[in-house]
Amino acid sequence: MEHSKRHNSSKKAKFRSARKPSSASDKSDSKKSKSHTNISRTALGEEPEKRGLKSRPTGDADQRAKRELATKVKTAKGRKLSSTLWLKRQLNDPFVAQAKAEGFRSRAAYKLQEIDEKYHLLRKGARVVDLGAAPGGWCQIAAKAVGPTGKVVGIDYLAMPPVPGTQVLEMDFLDEEAPDKLKALLDGEADVVLSDMAAPTTGHPATDHLRIIALAETALDFAEEVLADGGHFVAKVFQGGADHDLLVRLKKNFRKVLHAKPKASRQDSAEMYVVATGFRGRRE
Ligand SMILES: C[S@@+](CC[C@H](N)C(=O)[O-])C[C@H]1O[C@@H](n2cnc3c(N)ncnc32)[C@H](O)[C@@H]1O
């Protein structure tokens, strides 16, 4: 099958280094939160002294981030400053609190919710594929939207507790066997293919951008094989310019192509989504 060819070893090699989930944004959030303790409300400016640090971290960004955040976390031994700042941001994030209060697995749930409210992608009875599903926020939104007559199948290389009304494969989407396994679960065409897949960031924006675009392209390969005529595709990308080829391909195969930056997507993050609606169909 065409897709299997595209899921070739070079792509796998390209991503192999990206498979460690340590910084894979929202889904790992809850794990990280659990593993760190001792949270108290105070001004962050005092933190280094209280922690007994010999030197203050320097740099405008560090100082700014520290001023802007209001929850203090006592630093676990060995945790880097960037991790501490990440954790503080997480603990002060209203979407994290809202997700917890409303029973969503991740703050990412609100991204799909907003995209759907705006573009009306998920309807009752729809068949949906969720690529990069863990910890399950998008699955929860999709399952609710499509209802018992619809279908939600997903994949993630990380394990996640089951989301009622969905079936999620625990496997790497870049594995040669993954597309056929997903197709077997789907058992027909899809109305919507979603990809929130993200490899752990490297801290090198150009590399991160290329990796996420390659994941989006692989998701699009799959979408082009399974989408029904008129179907929709959503994929996470980063702002940065090198997604020209992806956009050209989307514009050729879908009637409408837009970029979306949901409110729950952190404003200081380059993350955004391409939303392509009205699949023109497979032209053999
Ligand atoms: C931002 S998280 C997804 C959050 C999810 N949409 C939610 O609402 O809970 C990105 C996910 O993509 C997954 N991922 C990245 N590359 C993948 C791959 N090659 N195969 C399967 N999953 C992948 C990561 O493991 C991670 O769980």
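The following is a chat about the fold of a predicted model.

User: What sort of model is this, and how are residues numbered?
Analyst: The model is predicted: local features need pLDDT of at least 70 and side-chain atom pairs count only at pLDDT 80 or more, while totals for chains, interfaces and linings use all residues. Residues are numbered from 1 along each chain as its sequence is written.

User: How many helices and strands are there in the protein chain?
Analyst: The protein chain has 12 helices and 9 strands. Both are DSSP runs numbered from the N terminus, helices being H or I of at least four residues and strands E of at least two.

User: In what order do the strands of the open sheet come?
Analyst: The order is β5-β4-β3-β6-β7-β9-β8, 7 strands with mixed pairing. Two strands pair if DSSP finds at least two bridges between them. The edge strands, each pairing on one side only, are β5 (166-170) and β8 (254-260).

User: Which pairs are parallel and which antiparallel?
Analyst: β3 and β4 pair in the parallel sense over 5 bridges, and so do β6 (residues 190-195) and β7 (residues 227-238), also over 5 bridges. β7 pairs with β9 (residues 271-279) in the antiparallel sense over 6 bridges. β8 and β9 run antiparallel too, joined by 6 bridges.

User: Which residue in β4 is the bridge partner of Asp130?
Analyst: Gly154 is the bridge partner of Asp130. Further along the sheet, Ala190 stands opposite Leu227 in β7, Lys236 has Tyr273 in β9 as its bridge partner, and Lys256 stands opposite Thr277 in β9.

User: Is β4 buried or exposed?
Analyst: In β4, 6 of its 6 residues are buried. Buried is 20 or more other C-beta atoms within 10 Å of a residue's own, exposed is 12 or fewer, and partly exposed lies in between, with C-beta atoms placed from the backbone. Both faces are covered, with Lys151, Val153 and Ile155 on one side and Val152, Gly154 and Asp156 on the other.

User: And which strands does helix α11 touch?
Analyst: Helix α11 (residues 205-226) packs on the sheet and touches β3, β6 and β7, its direction making about 170° with that of β7. Contact here is C-beta atoms, placed from the backbone, within 7 Å. Axes are lines fitted to C-alpha atoms, for helices over the stretch in contact, and angles run from 0 to 180 degrees between N-to-C directions.

User: Which residues touch the most others in the largest nonpolar core?
Analyst: Val128, Ala142, Val193 and Ala219 do, out of 64 residues. Such a core is a set of buried Ala, Val, Leu, Ile, Met, Phe, Trp, Tyr and Cys residues joined through C-beta atoms within 7 Å. α11 gives the most to this core, with 9 residues.

User: What does Ala219 touch?
Analyst: Leaving out residues up to four places away in sequence, Ala219 touches Leu131, Val193, Ser195, Met197 and Ala235.

User: Switching to α12: which residues are buried there?
Analyst: In α12 (residues 244-253), the buried residues are Leu246, Leu250 and Asn253.

User: Why are they on the same side of α12?
Analyst: Because they cover an arc of only 75° around the axis, taken from the directions from the helix axis to the C-beta atoms.

User: What covers them, and what is on the face turned away?
Analyst: The cover of the buried residues of α12 includes α11, β8 and β9. The face turned away from the buried side carries the exposed residues His244, Asp245, Val248, Lys251 and Lys252.

Definitions and conventions. Two residues are in contact if their C-beta atoms, placed from the backbone, lie within 7 Å.
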